[in-house]
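Biologist: I'm new to reading helices in a model. Could you walk me through how to look at one, and then at how two of them pack?

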Amino acid sequence: MSQEQPIKYGDVFPVSGDLADKPIAPGDAAMMQSAERQILGGAIEKGGAAAAMQSAASRNESAGFVSHREVCAGDQEGMTVTETEIPGRRIITKSIDGQLVEQYTVGEPEQQPLPPGPVLPTKGISSYTPTRTNEQITIGEALEASAMTAGDKPLDKRDAAAIQAAEVRATGGRINITSWGLAAEAQAAASANERTFFDENKTKLGDLLQDASAKLPSDKPATRQDAEGITAAEMRNDPDMSTHPGGVAASVVAAARLNESLQINESNFC
């Protein structure tokens, strides 16, 4: 029996409004996985938000409702995973575009799900200081995310220009692009792809960027300014003056938005 309707956010999570009606796409799952990894580390958490999104996105893609590179959510306030410490336990909170999708405690004998709602101090605790231990998404990690969301795309000059801009910004503009490094590899691959007839023989974005963080001489958290500069570089080298969905610029934009939302959350701590 074929799937007649896409799996939407409202089918999986207790969300409302426009988000509830959006289909879950592979790019969304990749962003949540990246956000979870910053806090929890390791593989995708079984039964967690990213795992549920990945399962739904795979089914939606197989049914033809979304493409492998599509991103449907996270354009408002991003995908956020935060960790709050109180005596004896930690509270993990996951949100999509400002709406709570999962919250639970760790540090007790068993993981204890919490109902949607604000995190409040346990009765008997007069005061506490929430501690955010998560790190912001770096430019290198954003490039690695694009390897997941647009990994099958043959690398072209538009991608190479965006990767070069990303490397310059990740290193603070302290290096020149020479015959070595991530940008040089991207430029060489783009030139080789232009001379290659069949797409299956071309270097893909995922081939180059799956370990981008290790290839960069230095790295930094992605900011709005980084996102704007990388987006401009990608657009300047595209005939239609556009960026690729889930590509280099889109992934850095998503990372910058996530980082901004984490900074806002941190500023709300008393």
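Biologist: Let's start with α6. Is α6 mostly covered or mostly open, and how many of its 14 residues are buried?

Modeller: Keep in mind that this is a predicted model. A residue counts as buried when its relative accessible area is under 20%. In α6, ten of the 14 residues are buried, so by that cut-off the helix is mostly covered. Among them are Arg158, Asp159, Ala160, Ala161 and Ala162, along with Ile163 and Glu167.

Biologist: What span should I expect for α6?

Modeller: Count 1.5 Å a residue, and the 14 residues should span 20 Å. The end C-alpha atoms of α6 are 20 Å apart, so the two agree.

Biologist: Now for packing. At what angle do α6 and α10 pack, and how far apart are their axes?

Modeller: The angle is about 150°, and the axes lie 7 Å apart. Angles over 145 degrees count as roughly antiparallel, so that is how α6 and α10 run relative to each other. As for handedness, α6 passes α10 in a right-handed crossing.

Biologist: What about α3 and α5: how do their axes cross?

Modeller: The axes of α3 (residues 26–40) and α5 (residues 139–149) come within 9 Å and cross at roughly 145°. This crossing is right-handed. On the α3 side, the contact is made by Gly27, Ala30, Gln33 and Gln38, and on the α5 side by Glu141, Met148 and Thr149. The classes here are two nonpolar, four polar and one charged.

Biologist: And why is α5 called largely enclosed?

Modeller: Because ten of its eleven residues are buried. Glu141 and Thr149 are among the buried ones.

Biologist: Can we finish with a single residue? Where is Ala190, and what does Ala190 touch?

Modeller: Ala190 is in helix α7, residues 182–194. With 3% relative accessibility, Ala190 counts as buried. Leaving out residues up to four places away in sequence, Ala190 touches Leu155, Asp156, Lys157 and Ala160. Also, Ala190 and Lys204 are 14 residues apart in sequence and 9.4 Å apart in space, C-alpha to C-alpha.

Definitions and conventions. Residues are numbered from 1 along each chain as its sequence is written. This is a predicted model: local features need pLDDT of at least 70, side-chain atom pairs count only at pLDDT 80 or more; totals for chains, interfaces and linings use all residues. Side-chain values use heavy atoms; hydrogens and water are left out. Axes are lines fitted to C-alpha atoms, for helices over the stretch in contact, and angles run from 0 to 180 degrees between N-to-C directions. Helices (H or I, at least four residues) and strands (E, at least two) are DSSP runs, numbered from the N terminus. Angles under 35 degrees count as roughly parallel, over 145 as roughly antiparallel, 65 to 115 as roughly perpendicular and the rest as oblique. A crossing is left-handed if the near helix is turned anticlockwise from the far one by less than a right angle, and right-handed if clockwise. The expected span of a helix is 1.5 Å times one less than its number of residues. Buried means under 20% relative accessible area, exposed over 50%, partly exposed in between (1.4 Å probe, protein chains only). Contact means heavy atoms within 4.5 Å. Ala, Val, Leu, Ile, Met, Phe, Trp, Tyr, Cys and Pro count as nonpolar, Asp, Glu, Lys and Arg as charged, and the others, Gly among them, as polar.
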